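Colleague: Could you take me slowly through this model, beginning with the whole chain and ending with a single residue?

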Amino acid sequence: IEVNHLQAGYDTVTILDDISFTVKRGEIFVVLGGSGCGKSTLLKHIIGLHRPKSGEALIKGYRIFGGDSDEQDRAMRSFGVTYQNGALFGSMTLLENIMLPLEVFTDLPLEARRMLAEMKLDLVGLKAFASYFPSDISGGMKKRAAIARAMALDPSILFLDEPSAGLDPVTSDEIDELILRLRRTQTITFVIVTHELASIFKIADRCIM
């Protein structure tokens with residue numbers, strides 16, 4: 001990932017100015033900062049939810065903004081995202097939540113989508129809860145289910161926004177262990193927004209503040 005002289009904000013308000021950094025393949029890269037400093041804003045501009053005021057972000061060499069539609073599509077297909085509140089669909093079971101990206105973006109038959117979704121839930125330790133709805137599980141389980149959904153299409157990069165926010169210390173540590181295990185077994189590059197110092201010292205290869 002390359003971020004070059006990025007200026008980010010909303011309407012006439014500039015929140016971040018002249019931000020540049022790179023993320024290496026296979027590392028866990030943390031964006032650190034206090035509440036309201038622009039961490040999530042930076043993430044949203046990198047992944048294409050908002051257009052930078054100036055500068056650029058490249059993912060695997062592809063531009064989300066500034067390139068053609070094929071280049072944008074290749075960039076966005078290479079990563080998965082989780083949001084601070086999990087953003088699971090409450091009317092769907094965990095299995096159905098994981099199957100949704102496979103239904104939208106692949107031509108796989110139903111049984112293949114089901115099998116792949118079960119595999120992703122198994123990776124995060126939730127296979128036994130496939131038939132549960134988000135309202136039936138704990139906050140930590142929702143975070144893990146969101147990670148499983150972000151992995152549905154086998155992206156090489158995961159962006160995690162506050163994966164430990166609102167969790168007790170034991171559950172937060174379990175999320176850290178999951179991230180380390182996924183990096184080790186799935187060779188995933190992580191970009192993680194957080195202000196949890198204990199997590200940063202445990203999992204980060206590098207961080208920016």
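Modeller: What follows is a short exchange of questions and answers on the fold and on one lysine.
This is a predicted model, in which local features need pLDDT of at least 70 and side-chain atom pairs count only at pLDDT 80 or more, while totals for chains, interfaces and linings use all residues. Residues are numbered from 1 along each chain as its sequence is written, and side-chain values use heavy atoms, with hydrogens and water left out.

Colleague: How many helices and strands are there in the protein chain?
Modeller: Both are DSSP runs numbered from the N terminus, where a helix (H or I) needs at least four residues and a strand (E) at least two. Counted in this way, the protein chain has seven helices and nine strands.

Colleague: What is the radius of gyration of the protein chain?
Modeller: The radius is taken over C-alpha atoms, and the globule rule is 2.2 Å times the number of residues to the power 0.38. For 209 residues that rule gives 17 Å, and the chain is close to this, so it is as compact as a globular protein of that length, with a radius of gyration of 17 Å.

Colleague: Where is Lys-39 placed, and is Lys-39 buried or exposed?
Modeller: Lys-39 lies in helix α1, which covers residues 39-46. Buried means under 20% relative accessible area, exposed over 50% and partly exposed in between (1.4 Å probe, protein chains only). With a relative accessible area of 7%, Lys-39 is therefore buried.

Colleague: Which residues is Lys-39 in contact with, leaving aside its neighbours within four places in sequence?
Modeller: Contact means heavy atoms within 4.5 Å. On that basis, and with those neighbours left aside, the partners of Lys-39 are Val-31, Leu-32, Gly-33, Gly-34, Glu-162, Val-193 and Thr-194.
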